[in-house]
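Here are some worked exercises on helix packing, pockets and backbone geometry. Keep the structure open beside you and try each task before you read its solution.

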Amino acid sequence: MSAAQHATSKSQPVLGPWVRAQALNLARHTQALRNFNRDEFGTGPEAPTEGHIQAVNQLLEKLRPGLKRHARHVTLLANAARREPSTKRFAALVEHKHHAHDWVRNIEKIWDFYFELFGQRQSHFGQWLLSTDRIALDCYQVTYLGIGKEKSVPAPPPFTYMRTGFGPATYRRGIKLRQLGSQYNPFPLIQLPYHRMVNPWTLGAVLHEVSHNTQSDLGLSRAVPLAIARTLLRAGFSPDITRIWVRWNRETFADLSGLLLGGPCIVASLMDVVGRSPQITYHFDPNGVHPTPYLRVLISVELLRRMGFDAEAEKYARAWTSLYPAPKPGLLPQELLRSAPRAIALVVDALCYRPFKEIGDKSLADVYRFGQKEQRMIEEAARRLATGDDPGIVPERFLIGAARFALDNQLAPAEKIKEKFYSELSRR
């Protein structure tokens, strides 16, 4: 029997095995932070696409060489410390081990982030998330088919995931994310609250969040605030008021683009979000990027009117101002409130009815072309959803409006509408 087989805790060495284990642990940890495989998140259409898996693996590959280099160095230092133990060699080992673990944490953060997101597809929410993925993809497709110039096709498409909490959110492609250790986000991520997934007629949020991404991918991040600034300054608005509207540019663009994508029902979905306590709905944040909630609905009402839905615009305006009458003095800056009707009309015109060279000298309303015909398609799809029939070839994004129309007109119980909404989208 060897000496090792006779060893007890009293006789076994400590320092040498510990030094050896540090290198072994790091090498094994490095190996464990492997690439993802699509199959490990399911085999159905709800699983992440090959493109999403590849994009994340490429992100991991960028960091892995550094970690492997550190692991090899720790192995060399551990071997040296075991051959010729000294305080200096031990110090070098633990110092390098510390730095190597920083790399481990960076990769682990990315691995954990996507492991959780992709893992949602294996839960019973997988079909719901597949449905919202398809709505987001439809929005991208109609956008890139509608613009007037060639642009490189973005890939991969947006990926939706679920979180608890009140509001939806998005992380755009190509921005550094804290959750990824300040690495660049490889594809748009759209976060949807559980309570919205349960009530799919509130999913106008998908169109809003997708629009944040298309503004960036189409190269409109600078053009949109410039269009607002030029329009308002030329119309004689003060620099202070102009700055407020420019600061609101991204959220205003997303609201307007979402409405052009989905039609009148998107206003109701917006009201779901911003219709809160008067303290919140009238709140003005001098540094905020969201328009004051009270004004957001009025901005959408103006676009609805420009789209040719005068009766609907009137009804939404009346409903909104019944819920939230004109703000009391002092709630909003006086000049902002006084000039808001004119500013709203000018901003809607500048963003939706004026051409942008970035999209081939087309306006946003030209790209999306939502009119009465499209609304009738939504209404027909709503009636079919309610009866359990095939809603037909309507674009995926129109099913949000169909669900809303069916709910508001009590064409079917809410749960039946929800079930048909997700079954239709997930079967496509």
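Helices (H or I, at least four residues) and strands (E, at least two) are DSSP runs, numbered from the N terminus. The model is predicted, with local features needing pLDDT of at least 70 and side-chain atom pairs counting only at pLDDT 80 or more, while totals for chains, interfaces and linings use all residues. Residues are numbered from 1 along each chain as its sequence is written, and side-chain values use heavy atoms, leaving out hydrogens and water.

**Exercise 1. Backbone details**

Solution: Start with the location: R369 sits in the loop between helix 16 (364-368) and helix 17. Next, look at the backbone: the phi of R369 is positive, about 45°, although R369 is not a glycine.

Solution: Then place P156, which lies in the loop between helix 5 (126-146) and strand 1 (159-163).

**Exercise 2. Helix 2 and helix 4**

Task: Describe how helix 2 and helix 4 cross.

Solution: Two packed helices are described by the angle between their axes and the distance between the axes. Axes are lines fitted to C-alpha atoms, for helices over the stretch in contact, and angles run from 0 to 180 degrees between N-to-C directions. The axes of helix 2 (residues 15-32) and helix 4 (residues 87-119) come within 11 Å and cross at roughly 25°. Angles under 35 degrees count as roughly parallel, over 145 as roughly antiparallel, 65 to 115 as roughly perpendicular and the rest as oblique. Helix 2 and helix 4 are therefore roughly parallel. Their crossing is left-handed (the near helix is turned anticlockwise from the far one by less than a right angle; clockwise would be right-handed).

**Exercise 3. Helix 13 and helix 15**

Task: At what angle do helix 13 and helix 15 cross?

Solution: The axes of helix 13 (residues 293-306) and helix 15 (residues 334-352) come within 10 Å, crossing at roughly 50°. The two helices are therefore oblique to each other, and the crossing is right-handed. Helix 13 brings residues including Y294, E302 and R306, while helix 15 brings residues including I344, D349 and C352. Their contact divides into 11 nonpolar, no polar and three charged residues.

**Exercise 4. The largest pocket**

Task: Which residues are closest to the centre of the largest pocket?

Solution: A pocket is defined on a 1 Å grid over the protein atoms alone, as an open set of points where a 1.4 Å probe fits, with protein on both sides within 12 Å along at least five of seven lines; lining residues have an atom within 4 Å of a point. Grid points are joined across faces, edges and corners, and a volume is the space filled by probe spheres set on the points. The largest pocket holds about 710 Å³. Of its 38 lining residues, H208, E251, V273, H290 and R296 are closest to the centre. The lining divides into 17 nonpolar, 12 polar and nine charged residues.

Conventions: Contact means heavy atoms within 4.5 Å. Ala, Val, Leu, Ile, Met, Phe, Trp, Tyr, Cys and Pro count as nonpolar, Asp, Glu, Lys and Arg as charged, and the others, Gly among them, as polar.
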